[in-house]
Amino acid sequence: MALNLMKNSIKMNTFSKLQVRSSSGSSEPQFRVLNLKVTKSKPAPRRQPKKFDTAPPRAHQMPTDQNWGNVWPGPRSFHPATVPLPVRQGYGEKQAPPSKYANAELMKIPNFLHLTPPVIKRQCDALRKFCTPWPKELSTDENCEKHFPLETTTSSYCYSSPSIRNSLARIVTLRIKLSHLPLDQHAKDKFRRLVGDRYDENTDYVTIVADRCPTSKQNFDYCMYLLTAVFHESWNVEPWESKKTLEDMEYYDWTKNQSCKSLESMFEVPFDKIEHGKEFSEAVSNLMNNGENLQTLKTYGDTVRKLLGLSKEI
Amino acid sequence: MLRSLRLKRLLQFNGKTLYNVSRLLRSEPTKLTTVESENESEAKLEKKSMSKAMKAYLERAQAHDEFMKQQNYEFQIGKRHLANMMGENPETFTQDDVDRAIEYLFPSGLYEKRARPIMKPPEEVFPKRKAAEFDETGRPHHFLFYTGKSNYFNLLYDIVEHINNLNKYEDSMLNKNSYPDPNTKLQLDGYQWMDKEALENVLIEKIIDKEYTNFVNAIERLYNHPYSYRIKEFILKYRKPLMSQKSTSDLPKLQYDSDGRSYVTVYECLRKRARGHVTIRAPGSGIISINGKDLMYFEDTQPREQVIFPLIFTKMLNKVDVEAYVEGGGPSGQAGAIRWGISWGLRSFVDDKIIESMRIAGLLTRDYRTRERKKPGQAGARRKFTWKKR
Amino acid sequence: MFKKPRYIFRYNKNPKSLITSFQCLTTAALPTERIDSFRCVINNPLEQNEGHIGQFYRVPEDVVSKLFSQGGLPKSFRIQTKTFAETCLMIRKPSIDIINCIKNLDFSKPVPRFVLYGQKGVGKSLSLAHIVHYGYEAGFLLVHIPWLGEWMRRPKDSSPSETKEGYTNINLDIASWLVHFKNQNSLLLEKANLKTTQTYKWTKREETVANSNLMDLVDHGINRIKFASDCVLALLNEIKQLSKSGKCKTLVAIDGFNAFFYPETRIRTEKKEIVHPHNVSVTEGFLSLTRFDWKNAVAVLIVDELAIAEKDQTSYFPRYLLGKDGFEHLDPFIPVLVNGYSNKEFLSCMNYYRERRWVQPLPGLDDELSVISSSNPYKLMQLCAPL
């Protein structure tokens with residue numbers, strides 16, 4: 001409490017002094033310069049850097065209802081004098097973000113100043129008269145795929161380098177579903193072996209990519225040639241194909257395997273006369289072709305129990 | 001009437017920037033009377049000398065005003081231009097629209113959001129300036145001005161004054177033979193003292209660590225006073241809640257799958273380098289699947305215990321099913337990520353009391369610790385190479 | 001739920017006396033409903049059925065010493081039985097399943113082969129131990145290999161075979177197996193009149209004449225370790241002949257059977273070349289016992305990840321572990337899955353541990369343990385050890 005009182009008294013004090021000063025002070029004392037050398041002449045004035053007259057930014061004269069599409073007709077990097085917006089970019093701890101003038105960051109980032117919504121609308125309107133309606137037959141994706149099973153993909157590149165050619169534009173990707181090709185079991189198997197990892201089992205797509213020729217036209221022709229060649233080759237049956245061994249088989253054929261033989265020797269009759277023999281063959285093929293898991297193993301076990309006349313699993 | 005007239009004159013030479021003086025006059029009526037009584041002539045007041053500092057300040061302030069005016073004008077024009085560009089009505093173009101338009105015109109993927117292009121009103125862009133702390137003659141307003149940190153020391157002063165007052169009150173109560181009731185003692189358990197930065201913001205002054213400790217010690221002493229409840233409001237100004245207790249509205253809402261079971265999915269469960277998401281379904285039978293496997297996904301016992309700990313803690317082990325997908329990191333990080341995900345998701349299935357106990361148990365706290373990088377010239381993050389004399 | 005037992009259990013130095021005291025208490029003092037919980041009153045595997053699944057039965061000490069003194073129970077389990085002062089096996093679904101099949105088997109038909117499979121530590125070996133105990137009680141001639149991995153992965157010695165070109169003998173292991181065989185079948189060999197069908201000439205002076213006792217063959221292998229492998233081949237051949245002719249019933253039980261088909265053993269020839277299991281001389285004999293071309297016998301085999309090298313332990317399924325050759329060798333076989341504990345089995349096991357004062361009765365312990373161990377018996381045993 002005492003301190004508080006003191007605080008007040010200090011304030012009072014300061015104010016009384018103020019009175020004294022304000023009443024006595026008549027004119028402001030000038031700061032005197034200490035002139036030791038007693039030079040009379042004035043020091044030479046420093047040379048001012050020359051200022052060049054530049055026109056004020058163009059943005060200052062723009063009306064606020066102008067047609068922006070005419071001001072900024074195409075893609076271009078940011079220019080502070082042309083864009084009438086007080087945008088800023090960057091940050092500092094204490095100062096304000098740098099303004100648009102001499103701000104390299106704003107020039108580095110991409111901008112969409114040429115594609116503002118009104119401009120897009122105008123361009124769409126201009127293009128509309130060249131459009132035709134989408135064919136009704138291709139209304140769904142399934143129909144599209146049914147009528148046009150072959151799919152080719154190329155990329156066009158457009159950018160502001162000195163050359164308008166991009167070497168990536170030559171690459172052609174061709175894609176077709178294997179089920180769309182008329183192949184029988186042998187041909188399908190051979191086709192898959194010929195294309196190798198270009199076939200994706202999960203999606204059923206065969207994908208051929210060509211990039212060896214310099215233009216996309218040539219690459220496309222090459223893709224088509226490859227597809228045709230592989231297709232016809234897969235229908236050919238060579239004489240050496242009959243020499244296929246069990247190891248070469250792409251799937252498990254029970255009748256050709258040891259399992260069948262041992263079953264026959266066990267029962268001493270051909271397998272089609274054994275009771276539950278067919279079930280057993282299915283169970284083994286299932287186990288071998290679909291991989292073993294708890295389900296396939298259980299069916300296998302159950303059929304073996306039936307086959308051998310054992311009591312069922314608890 | 002007379003007073004306000006005087007005041008106007010006083011402020012004539014710069015009506016705007018001298019509001020501090022007026023504030024001073026308003027807050028101290030006694031002083032005002034002194035001024036009135038002693039300064040009878042107006043001419044005297046106008047002639048009154050002005051300190052150089054004040055003069056420089058006034059010039060600066062004027063220039064700043066001009067500048068702000070210009071900026072404001074440019075911003076208003078720019079906003080109209082922008083509305084025109086986007087094909088919208090400039091009269092109804094709000095700041096939100098401006099932000100959206102700038103994001104559209106200048107798409108920036110910079111990680112630091114502050115580094116992206118902006119177009120904001122100048123008041124937000126330019127940092128605020130401190131008003132004059134002294135009057136026209138150069139005399140400071142605050143009695144602690146020369147400490148350099150007037151607000152900070154004023155705060156300490158206030159605390160001490162409060163302590164003295166309370167002591168006095170305690171003495172008077174003891175004279176009346178009454179003792180403080182322990183039940184009325186101030187209890188602010190879920191709170192903590194304002195941290196240094198927040199205090200700096202309140203004081204508008206930079207303080208050093210030692211000064212902050214002094215403040216905490218002083219106010220702690222005040223808080224521990226048996227009669228501190230009498231100045232609860234003062235103390236509460238410098239205390240803030242320990243952790244914002246999530247209200248029930250913050251909890252993710254239960255969704256329902258095709259079986260009619262309720263479920264909650266927690267995304268972005270992070271720990272060390274592991275990332276994952278966790279889905280909790282209720283009612284369940286305690287099936288835990290991690291990346292399609294059961295708890296055997298973790299080979300060691302420790303991570304398994306980590307995963308089921310929140311379930312045991314909330315006694316929900318056999319009541320919910322957990323489905324987790326996690327990748328990256330090692331077993332311990334993955335287990336930690338899942339543990340956090342389960343705890344976070346379980347909040348929707350348990351009551352507030354258990355949520356609070358989970359919070360206290362640290363289940364709801366994200367563990368931000370990650371591996372510290374290796375430093376050049378050292379064997380590891382902290383370890384130095386074996387020192388050999390030569 | 002489990003109630004506190006009414007008798008006082010004390011660790012006793014003499015397990016026999018303890019068992020007897022326990023026996024009379026269980027039979028006399030406790031009511032019959034009480035026993036249902038986790039202990040099976042029927043200790044004879046011949047009389048056990050599906051109703052007893054999840055319960056523990058005690059294997060008499062003399063039977064244990066006879067059947068499993070040379071192996072057959074996993075080491076960690078043996079240590080535990082020593083601590084518990086009794087050997088209790090849980091009656092589980094796979095073993096009861098196989099025993100049921102054996103009971104109803106038509107022995108005139110070709111040999112059925114059962115293959116136990118399952119993850120590590122789910123109790124395949126103990127299920128086999130249960131079946132072996134059943135075979136012993138049912139009067140089967142036991143051809144039991146406690147752990148084939150011991151021969152193929154950790155052989156005690158190896159030497160080139162003298163009788164068969166290009167083959168390798170592991171005589172020390174084989175001789176100790178002969179001791180095991182003799183232990184297991186001593187009663188049966190004495191009782192049944194099992195004679196050899198042909199004369200085996202070992203050296204100029206040594207020979208086993210035809211129509212001599214089968215035990216002589218075994219003894220010869222044990223005494224003359226050099227001929228152990230040849231003796232085993234002869235013995236297995238004799239067993240096959242005897243079974244075919246119906247003079248005895250045989251139970252073939254092999255743990256880690258897939259080691260016969262895993263190409264990398266740790267047996268090496270003198271030139272330090274890895275020996276393929278088919279080039280180990282005894283392999284042929286045991287493989288012939290697991291074919292279907294004989295009768296009056298049952299084969300129960302275990303395929304286990306632990307029997308092969310660690311780098312290939314990626315799946316526990318029989319087709320993977322046996323490989324193509326092994327699968328074709330056994331096909332058609334009956335795969336029997338061994339799972340972790342079911343809820344009932346888990347509870348019963350925990351109750352047993354509590355009764356043995358092995359774990360403390362804490363609230364919520366069972367739930368936590370069942371989740372952490374994923375009901376894996378071996379893992380549970382490990383987790384309970386420090387509790």
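## Terms and model

Here, buried means under 20% relative accessible area, exposed means over 50%, and partly exposed lies in between (1.4 Å probe, protein chains only). This is a predicted model, in which local features need pLDDT of at least 70 and side-chain atom pairs count only at pLDDT 80 or more, while totals for chains, interfaces and linings use all residues. Residues are numbered from 1 along each chain as its sequence is written, chains are lettered from A in the order in which they are written, and side-chain values use heavy atoms, leaving out hydrogens and water.

## Salt bridges

Let's start with charged pairs. Over all chains, the search finds 49 salt bridges (a side-chain nitrogen of Lys or Arg within 4 Å of a carboxyl oxygen of Asp or Glu). In chain A, Asp125(A) and Arg128(A) pair at 3.2 Å, N to O. Both sit in helix α4 (residues 117-128), three residues apart, about one turn of the helix; helices here are DSSP runs of H or I with at least four residues, and strands are runs of E with at least two, numbered from the N terminus. Asp125(A) counts as partly exposed because its relative accessibility is 42%, and Arg128(A) is exposed at 53%.

In chain B, Lys196(B), Glu200(B), Lys206(B) and Asp209(B) are linked in a salt-bridge network.
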